[in-house]
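Subject: Structure for you to look at

Hello,

I am passing on a structure that you have not worked with before. Please open it first; my notes on what was found follow below.

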Amino acid sequence: MKSIVIQQPGKLVIETRPLLQPAPGEVRIKVSYAGICGSDVHIYHGHNPFAKYPRVIGHEFFGHIDSIGEGVDPARIGERVVIDPVVSCGHCYPCSVGRPNVCSELQVIGVHRDGGFSDYAVAPAQNAYQVPDSIPDQLASMVEPFTIAANITAFLKPTPTDTALIFGAGPMGLTVIQVLKGVYGVQKVIVADRIEERLQMACENGADWAINNQHQSVAEQLAAENIRPTLVIDAACHPSILQEAINVASPAARVGMMGFSGEACSITQQSITSKEISLFSSRLNSHRFPQVIEWMSEGKINPEKLVTHCMLGEDVEAAMTLFEKDQRACCKVLLKF
């Protein structure tokens, strides 16, 4: 089988490897489609602190179960499945309170163990979720990105009367927009970004107001309209945004953080406690796959609006370069295997 391997930072190769055999409790998936995520690019460049090398990357993938390990129901062979990349121990404190995404022994498929940029991949059977026929093969790999939005919004508990502000109109920001509008019915969703084409994508995905903050601050533009967001999400993931989000937020607002920067972030306690701001952080997802599959089946979210390119797996380097460099025309790139 062919596998896309980051042997070390900056070195990507397509290797011929022996066909994987599922261990007890595992399934083997014949991969059809896989999505490129920013974290895949970070692993490629050596900027992901959690990755171990060499590594078959890819944590957003769809395929068919074609082999099973001991203890797995044989009836599962042939199932169309998407894979939850979160592999947890099931017995530590986070797991015991329903937070397997921050398990004390967390392993992420495509980061800590080999992932889905391959002809075949293996995963625990419990991580393989069946996809209904109503979801096309190509779009099924988009379930995982929407679980990120599902996780942060589960903490924030949006309501139709909220005024939501999202920093960043990249893939993460766009999934959040769709979930806020299509699932929670939030009446006013504002997005801020510095790329006009991304702001246009935001509007196409449901944003009510797109703010270009390249030359004028978000705070100034909101103040001019006398708007104080009650829900703010940082999907741009820059250290400077947290204080700005707190400053523009309404008293009693909820602020969601999704970034992983290791840079120091300067904030003041007064700006938080004076308005009794609630801060939430979110990593990966905690059993959100069934929820997102249901949303997709019911048409509450539209993943096709995010997919701008589909390329062959063998063209992965060109695909990753496109994803990283062409932020004006490219949103989500899928690889076909």
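**Cysteines**

Cys265 is partly exposed, with a relative accessible area of 34% (buried is under 20%, exposed over 50% and partly exposed in between, with a 1.4 Å probe and protein chains only). Its sulfur is 12 Å from the closest cysteine sulfur, that of Cys237, which is too far for a bond. Cys237 is itself partly exposed at 23% and sits in the loop between S14 and helix H8 (241–248). Although Cys237 is not a glycine, its phi is positive, at about 65 degrees. For Cys310 the closest cysteine sulfur is in Cys330, 12 Å away and again too far for a bond; Cys310 is partly exposed, with a relative accessible area of 36%. The structure holds 0 disulfides, a disulfide being a pair of cysteine sulfur atoms within 2.5 Å.

**How to read the values**

This is a predicted model, in which local features need pLDDT of at least 70 and side-chain atom pairs count only at pLDDT 80 or more, while totals for chains, interfaces and linings use all residues. Residues are numbered from 1 along each chain as its sequence is written, and side-chain values use heavy atoms, with hydrogens and water left out.

**The chain as a whole**

The secondary structure comes to 11 helices and 18 strands (DSSP runs numbered from the N terminus, helices being H or I with at least four residues and strands E with at least two). The radius of gyration of the chain is 20 Å, which agrees with the value near 20 Å for a compact globule of 337 residues (taken over C-alpha atoms; the rule is 2.2 Å times the number of residues to the power 0.38). Along its principal axes the C-alpha trace spans about 60 × 40 × 40 Å. Of the 337 residues, 53% are buried. Among contacts between residues at least 6 apart in sequence, 71% join residues at least 24 apart, where contact means heavy atoms within 4.5 Å.

**Aromatic rings**

A search of the whole structure finds 4 aromatic pairs (ring centres of Phe, Tyr or Trp, the last by its six-membered ring, within 6.5 Å; planes under 30 degrees apart are stacked, over 60 edge-to-face and the rest tilted). One of them joins Phe50 and Phe260, whose centres are 5.4 Å apart and whose planes are at 85 degrees, so this pair is edge-to-face. Phe50 lies in the loop between helix H1 (38–45) and strand S4 (55–56), and Phe260 in the loop between strand S15 (254–257) and helix H9 (269–273), so the pair ties together parts that are 210 residues apart in sequence. Phe50 is partly exposed at 28%, whereas Phe260 is exposed at 51%.

Another pair is Tyr129 with Phe289: the centres are 5.5 Å apart and the planes at 15 degrees, so the pair is stacked. Tyr129 belongs to strand S10 (residues 128–130) and Phe289 to helix H10 (residues 289–297), 160 residues apart. Phe289 is buried, with a relative accessible area of 0%.

Phe50 also has Arg283 over its face, at 4.6 Å from the ring centre (the cut-offs are NZ of Lys or CZ of Arg within 6 Å of the ring centre and within 35 degrees of the ring normal).

**Backbone**

The peptide bond from Tyr53 to Pro54 is cis, with omega near -5 degrees, and Pro54 is in the loop between H1 and S4. Asn226, in the loop between helix H7 (218–224) and strand S14 (231–234), has a positive phi near 55 degrees without being a glycine. Asn226 is exposed, with a relative accessible area of 70%.

Regards
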